[in-house]
Amino acid sequence: MRESRSRGEMGNRSIQFILARKENRFLGDGPMKENLPSQIKQWDPALYDRKHSFVWKYGEEVIGLLAPQQGERILDLGCGTGHLTQRIALSGARVTGLDRSAQMIEQARAAYPNIEFVLADAANFEFPQPFDGVFSNAALHWMKPPEPVAASIARCLRPGGRLIAEFGAKGNLKAIHAAIKRALDAMGLPADEEANLRYYPSIAEYAGILEANRLEVTYAKIFDRPTPLEEGENGLRNWLRTFGGNDVARLSPAERSEFETRVADQLRLTLYRDGTWFADYRRIRIVAIRE
Ligand SMILES: C[S@@+](CC[C@H](N)C(=O)[O-])C[C@H]1O[C@@H](n2cnc3c(N)ncnc32)[C@H](O)[C@@H]1O
């Protein structure tokens with residue numbers, strides 16, 4: 001029932017089908033050496049949940065900013081494995097999670113069967129009823145170009161409805177990304193193609209995009225958030241395996257080991273303290289109201 005209801009609410013079924021097929025091809029296979037489409041980031045929901053719970057745990061603070069109310073309709077955009085969607089539902093709001101990764105949606109549905117999760121692209125979706133709020137944590141920086149996503153957000157909000165979002169800001173992970181690039185260069189491997197997928201804007205840049213889409217920015221902040229990675233010495237390696245990019249997933253075990261050592265050697269002085277790795281996250285937090 002849930003499956004057919006969710007599908008009925010989806011906008012473009014053919015795009016969703018193509019995406020689901022593309023992503024399902026890799027489901028459960030672990031990193032593959034060939035056929036990984038570099039234009040779409042691949043997610044491993046099990047690894048994401050096991051080692052990177054900090055992503056959604058930091059997002060709990062952003063739910064405070066959303067302040068969901070009983071009965072409100074809220075959309076969690078780029079909901080991933082659904083932990084924050086579930087936290088929002090605890091408020092009594094009627095929440096829907098949306099994500100374009102079939103694997104993430106599958107895991108979210110298994111963990112929270114009473115919540116509606118929809119497989120769709122944030123750049124191209126429609127719902128029959130408007131939402132009171134759109135919430136998004138750690139996801140908008142994967143949604144490039146940002147303009148169609150802002151247009152979809154505006155389209156799905158009622159006038160007076162709110163967007164509450166936190167994601168990577170200009171300068172996010174600067175040291176780690178530079179180390180990845182240098183390690184790949186030194187090994188004679190192709191450049192980090194996924195760099196082209198990431199969108200880390202300044203406040204002025206992103207506010208301009210929202211305002212061009214009838215979303216008036218009422219609050220915006222950029223801040224450094226050095227983030228401790230779990231599992232001591234292994235923290236950086238785990239991070240690289242989830243967030244290091246499709247190019248890293250393509251490496252052979254021997255190449256990967258050399259790559260990880262090269263990245264760690266460059267960063268140890270600045271990002272490793274007292275047995276813990278810290279990722280140099282920098283976030284933008286933004287609130288906008290639909291005109
Ligand atoms: C780092 S995860 C964050 C998940 C969740 N919001 C959390 O806080 O744990 C980013 C999510 O954005 C999703 N995503 C990326 N691009 C997307 C797009 N164009 N449309 C919908 N979801 C997208 C990914 O599939 C992934 O699940």
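Predicted model: local features only at pLDDT ≥ 70, side-chain atom pairs only at ≥ 80, totals over all residues.
Helix 4 gives the largest share of the shell around the ligand, with three residues. In total, 21 residues surround the ligand, and the closest are Trp56, Gly78, Gly80, Ser101 and Ala122. The elements that give two or more residues to this shell are helix 4 (54–66) and helix 5 (83–89). Sorted by class, the shell around the ligand holds 12 nonpolar, six polar and three charged residues.

## The chain as a whole

Let us step back for a wider view. The chain has 291 residues, and buried residues make up 40% of them. Its secondary structure comes to 12 helices and eight strands. Among contacts in the chain with a separation of 6 or more, 75% are between residues 24 or more positions apart.

## Strands that run parallel

Five of its six residues are buried, so strand 2 is mostly covered. On one side of the pairing list is strand 1 (residues 73–77), which runs parallel to strand 2 and is joined to it by five bridges. One of the partners here is aspartate 76, whose bridge partner in strand 2 is glycine 97. Strand 1, helix 5 and strand 2 together make a right-handed β-α-β unit. Helix 5 is also one of the elements named above for the shell around the ligand.

Strand 2 also runs parallel to strand 3 (residues 116–119), with four bridges between them. Here threonine 96 stands opposite glutamate 116 in strand 3. A right-handed β-α-β unit is made by strand 2, helix 6 and strand 3.

What about helix 6 (residues 102–111), is it mostly covered or mostly open? Helix 6 is mostly covered, with seven of its 10 residues buried. Those buried residues are Ala102, Gln103, Met104, Ile105, Gln107, Ala108 and Arg109.

## Strands that run antiparallel

| Strand paired with strand 8 | Bridges | Residues opposite each other |
|---|---|---|
| Strand 5 (residues 157–168) | seven bridges | isoleucine 164 and valine 287 |
| Strand 7 (residues 272–273) | two bridges | arginine 273 and threonine 276 |

Strand 7 and strand 8 form a hairpin with two residues between them. In that turn, aspartate 274 has a positive phi of about 50 degrees.

Arginine 273 lies in strand 7. Is arginine 273 buried or exposed? It counts as exposed, because arginine 273 has 12 C-beta neighbours inside 10 Å, and a residue with 12 or fewer is classed that way. Along the chain, arginine 273 and glycine 232 are 41 residues apart, while their C-alpha atoms are separated by 9.7 Å.

Asparagine 172 and isoleucine 284 are 112 residues apart in sequence, and 9.4 Å apart in space from C-alpha to C-alpha.

## The nonpolar cores

In soluble globular proteins, nonpolar side chains tend to be buried together. In this model, the largest nonpolar core has 52 residues. Which residues have the most contacts inside it? They are Ile88, Leu98, Val134, Ile153 and Leu163.

Setting aside residues up to four places away in sequence, leucine 163 touches Val134, Ile153, Leu157, Leu215, Val287 and Ala288. Apart from this core lies another one, of 20 residues, among them Ala179, Leu236, Val263 and Leu267.

Definitions and conventions
Residues numbered from 1 in each chain as written. Near = placed C-beta within 6 Å. Nonpolar A, V, L, I, M, F, W, Y, C, P; charged D, E, K, R; others polar. Contact = placed C-beta atoms within 7 Å. Core = buried A, V, L, I, M, F, W, Y, C linked by C-beta atoms within 7 Å. Pairing = 2+ DSSP bridges. Right-handed = clockwise from strand over helix to strand, strands pointing away.
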